[in-house]
Amino acid sequence: MTRFDPYVISAETASAIGVQISRDGDFAYWDFDARRFQNKTLTFASNGVLLRQFAADPRITALITSREAIDQIGGETNIRTDVALYLSPNPRLAFFALHSFLATGLLASPGSKSVYGTGCHISSSAEIDDMGVVLGNGVVIESGCRIYRGVKIGDGCRIGSGCVIGGEGFQYLRIGKHGTQAVPHIGTVEIDDDVTLHARVCVDRGIFLDATRIGRGSRIDTQVHVGHAVRIGRDCLIASGAVLCGGVFLQDCVWVGPNATISDSLTLGSDALVSIGSVVIQNVPEGTRVSGNFAAPHHLFMKAFCQTYVPQARAK
């Protein structure tokens, strides 16, 4: 989903989402992950460190922040005059309230009629939305698949039995001690040419005006979960049972072993290798292999393993 028309927060909207307009302005996108920022993006900053960073980013034209955060950086005079400012005691909650407000109108739009390329083979038991789906040439959709609107699948892709593509991701806000509120997902899924998804892969759509993306030639094994706004590069191999949490970026030719878990919003460089069962909680540099729970560079993991377990085995 792409949009270029600017949004403006009116006094009525500001009141509805609980913000005070300090400086007016417009924006075309909204997100909280700097890796996904585009020109004319609105984001939020809950502290002075983030506020200083985002205020200096030329892609940011609107900020939801707090008076406390502004005071931490020495006042509004240290924020570019072309940046709109909206004040809230809880910038994160106000940001998601604005998102929910804007999402209501965008989700009501049905989109265009679904389009299939030539030579597609679609199982009679597959369920594909009538609106907003684009299939390239020679796409194979096997039995029991569910494909929601906002999904684009490139030429020559094979989607295995029971895959779910474009569904709502897992993002909730805590409301008080016991309540929760679902965050609406208004993004899309883009699968490039020559991608294979084996059986029962789940690919969630993006949260904002963004896409969950799978690059050309990638292969994803059975029962892998690809969270919202994940980006997978070209020729990646992801083995059975792996979990890619929301916002994970895999660059090209990454290997993710069986039952590995990649924590949210991490970046794995090209040719990185994640060993079987690893739990990754920090970025992985290009060409690096990591292993273990929590994952560490493979040679350090093996050194610690040998120091701990080999003497025990010899003692027996």
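The lining of the second largest pocket comprises six nonpolar, seven polar and four charged residues, where Ala, Val, Leu, Ile, Met, Phe, Trp, Tyr, Cys and Pro count as nonpolar, Asp, Glu, Lys and Arg as charged, and the others, Gly among them, as polar. The model is predicted: local features need pLDDT of at least 70 and side-chain atom pairs count only at pLDDT 80 or more, whereas totals for chains, interfaces and linings use all residues. Residues are numbered from 1 along each chain as its sequence is written, and side-chain values use heavy atoms, with hydrogens and water left out.

The second largest pocket holds about 230 Å³ of space. A pocket is an open set of points on a 1 Å grid over the protein atoms alone where a 1.4 Å probe fits, with protein on both sides within 12 Å along at least five of seven lines; lining residues have an atom within 4 Å of a point. Grid points are joined across faces, edges and corners, and the volume is the space filled by probe spheres set on the points. Of the 17 lining residues, Gln171, His228, Cys245, Gly246 and Asp264 are the closest to the centre of this pocket.

The chain contains five helices and 35 strands, taken as DSSP runs numbered from the N terminus (helices, H or I, at least four residues; strands, E, at least two). Of its 316 residues, 47% are buried, that is, under 20% relative accessible area with a 1.4 Å probe and protein chains only.

The largest nonpolar core has 44 residues, and those with the most contacts inside it are Ile153, Ile165, Leu197, Ile232 and Leu250. Such a core is a set of buried Ala, Val, Leu, Ile, Met, Phe, Trp, Tyr and Cys residues joined through side-chain atoms within 4.5 Å. Strands β11 (133-135), β14 (151-153) and β19 (188-191) each supply at least two residues of this core. Apart from it lies another core of 28 residues, including Val19, Ala28, Tyr29 and Leu173.

Asp129 lies in the loop between β10 (127-128) and β11. Asp129 counts as buried because its relative accessibility is 17%. Its side chain makes a polar contact with the side chain of Arg146 at 2.9 Å and reaches the backbone nitrogen of Arg149 at 2.9 Å. A polar contact is a pair of N or O atoms within 3.5 Å; within protein, one must be able to donate a hydrogen and the other to accept it, and residues adjacent in sequence count only if both atoms are side-chain atoms.

Note on methods
Buried < 20%, exposed > 50% of the residue type's maximum accessible area, 1.4 Å probe, protein only.
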